[in-house]
Structure formats: C-alpha cells, structure tokens
Amino acid sequence: MAYECRELARETTVMAMVTVMRRIRRTLCAAGVTAALAVGGTASPAAAAGAQAPERLEACGERTSVSVFHKGGIPLLDWRENLEFDGRGTLWVSHVTQHRVEGYAPDGTLRASFPLSGPGGIRRGPDGMMYVNYGVNPLTPHGGIVRFDPAAAVPKPEKVVDGLSGINGLAVDTEGNLYVSRELATGILKIRPDGTKDEEWTRGADIFGTNGLEIVGDQLYVSVLTNTSSPVIRVPLNDPAHHATVTRLSSNLLDSKFLDDLTEFNGSLVVASFRDGELIRIDPATGRSCTLVTGLRMPTSVRIPRGFGAHDTGHALFVVEASGRIVRVTVG
C-alpha cells in the first residue's frame with residue numbers, strides 16, 4: 001500500500017510538471033507566431049539572431065525591499081498563479097499545480113483551503129463574494145468560474161459559469177460583470193451577473209492573447225502575453241471597440257517580457273514580467289514606464305493588501321510566483 005501511494009504521488013508530480021511545461025511551451029510558441037504575423041512573414045532562427053539586443057527599462061528610483069511571506073517549493077511544480085485580498089483579513093491564493101485555493105492570515109499562517117481544478121484568476125466581487133477561474137491548467141478539459149463566501153468557516157465553491165476554455169485572468173466590475181482573459185484566443189470574455197455571455201462586448205474587445213486584467217474607474221487595463229512587443233492596453237468598459245495601447249514594453253523579440261497580471265498602485269499600473277522577474281510601473285496617462293522591482297522568481301500576479309492587518313496599501317504590494325513563493329514588496 002505504501003509503495004502504491006508513493007507511485008501515485010510520483011505520477012501526480014510528473015503530470016504537474018508536464019502540465020506546466022506544456023503551458024510554457026504553448027506560450028512561447030504563440031509568441032513566435034505573433035511575431036511572425038507582425039512582420040507579415042515566418043519567424044526563423046536567422047531572424048531571431050539578427051534582432052537587436054534587449055533594451056532594459058530604467059529603474060524607477062524608489063527604494064524597495066522584498067521579504068518572503070510564504071516560502072515556495074519546487075519551482076514550476078509549486079506554481080501559485082493569482083491572489084486577491086477579501087478586505088476582511090484574508091489573502092486568497094490560487095495554487096494552480098496543486099489544484100486548490102488557499103486563504104492566508106496576515107501573519108502568514110494558512111487559514112483555509114479547498115480543492116479546485118486548475119484555479120487561476122481570483123477577484124473579490126461587489127457582493128463580497130470571491131470569484132475564481134478554474135480549468136486554467138491546459139490538461140483540464142473544461143473551465144469556468146466559481147464563487148465562494150470568504151467569511152464561511154468552510155468555504156464551498158459554487159459554479160457561476162461552465163464551458164470556458166483557455167482562460168486565465170479575471171476582473172469584476174461594480175455591477176458584478178465578469179471579464180475573463182484568454183491566452184490563445186481573440187476577445188476578452190464578458191460574463192453578465194446571471195452567467196450569460198455578452199458576445200457583442202467580447203467582439204469589440206478583439207485583442208489576442210490577453211492575460212492580466214485590472215479595472216480602474218470605467219477602464220479595463222489588459223496585459224498581453226503572446227505579443228512580443230509586450231503591450232498594455234486600455235479598454236473602455238462602455239465602448240470596448242475603442243481600445244488603445246497604453247505602452248509597449250519590449251522593442252524586439254529578444255526583449256519580450258511575457259507579461260502576466262497587473263494592478264493599480266498609487267495612480268500607476270504595476271505589471272509582472274514573468275520572464276525577467278520584474279515589476280514594471282506604468283503611468284496610464286502617458287505610457288511612461290520604469291522597473292520598480294527586480295530579482296523575483298517568475299512572478300505571476302501582484303495586488304495591494306487591502307484590509308490585511310497592518311500591511312500598508314500605500315507602500316506594499318504582494319506577489320505570487322511560479323516558484324511557489326508569496327512575497328511582500330515594500331515601496332518607499
């Protein structure tokens with residue numbers, strides 16, 4: 001019996017590694033395809049070799065420090081994908097490779113946990129409920145969105161919508177509409193509070209390869225993973241067809257950032273660069289950008305610690321990584 005359990009554990013670990021590596025390969029391949037389409041030809045090793053050397057963004061010049069809130073495990077196998085604060089003292093984290101959602105107290109202790117297949121984007125809704133994408137894992141055949149009550153002694157997820165595929169990031173507006181990014185498809189999904197799809201809105205938001213989503217006022221800001229120019233795009237919630245590029249953070253193929261999730265912070269946007277291990281600060285009005293933090297380990301999401309003990313929303317950011325770590329970044 002013990003031998004069978006060890007073998008099952010080993011097989012589960014191998015499957016998790018296969019899952020993650022397929023996701024990375026899929027993303028890299030998509031980026032190559034996007035680059036080829038951008039120049040109207042076919043990407044080749046010779047073309048890549050002739051590309052200019054990467055150009056680094058300037059440092060923002062603010063003093064920052066990074067501390068570990070929760071230690072990671074084996075990189076990639078311990079992949080934590082997204083995070084959100086419920087405003088009631090709990091940090092909720094989607095642990096994509098371990099298929100569970102975790103709730104942490106301000107002192108770092110694990111307060112709650114429940115199973116969910118391939119959880120991804122997680123956000124607090126205007127109703128106080130927490131919403132989570134599932135089926136983000138590429139080996140999971142079906143995806144969708146669940147919600148749960150963060151105040152419950154034992155959180156129980158209930159299905160909001162099913163039948164979604166290739167999904168990743170999530171945002172929720174003040175009316176309870178859900179917005180879902182898709183890494184390898186065109187169009188950001190809009191799901192109404194009753195679970196129906198707003199197909200017209202999605203056709204207007206015809207952006208390919210979206211990842212991170214953040215709503216600021218009446219604008220949805222979007223990071224694009226599979227475009228080698230690493231753009232961040234502004235999408236008006238009331239007029240998605242008039243979306244516009246705020247900035248492009250990469251100047252050539254070799255400098256592609258593989259942008260992940262983003263958040264609003266003191267009037268700026270902060271986006272995670274998965275490839276470079278950086279947090280990049282962007283002025284949404286001018287598009288000017290600088291590197292706020294370096295030295296992270298495959299960061300996947302960044303958020304402000306609202307209602308989380310003594311952690312200061314004006315000077316702190318929390319980040320999850322594909323290394324499994326949860327880190328706290330202090331700014332200023």
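I first looked up strand β11 and found both of its faces covered: Leu178, Val180 and Arg182 on one side and Tyr179 and Ser181 on the other are all buried (under 20% relative accessible area, 1.4 Å probe, protein chains only). Five of the five residues of β11 are buried, so the strand is largely enclosed by the rest of the structure. Strands here are DSSP runs of E with at least two residues, numbered from the N terminus.

I note that this is a predicted model, in which local features need pLDDT of at least 70, side-chain atom pairs count only at pLDDT 80 or more, and totals for chains, interfaces and linings use all residues. Residues are numbered from 1 along each chain as its sequence is written, and side-chain values use heavy atoms, with hydrogens and water left out.

I then traced the sheet. Three strands form an open, antiparallel sheet in the order β10-β11-β12, where pairing requires at least two DSSP bridges between two strands. β10 and β12 (189-191) stand at the edges with a single partner strand each, so one side of each lacks a neighbour in the sheet.

I looked up the pairings of β11 (residues 178-182) next. Four bridges join β10 to β11, and Val172 stands opposite Leu178. Three bridges join β11 to β12; Val180 has Leu189 as its bridge partner, and Tyr179 stands opposite Lys190.

I checked both hairpins. Between β10 and β11 there are five residues, and Gly176 takes a positive phi near 90°. Between β11 and β12 there are six residues, and Gly187 takes a positive phi near 105°.

Conventions:
Buried < 20%, exposed > 50% of the residue type's maximum accessible area, 1.4 Å probe, protein only.
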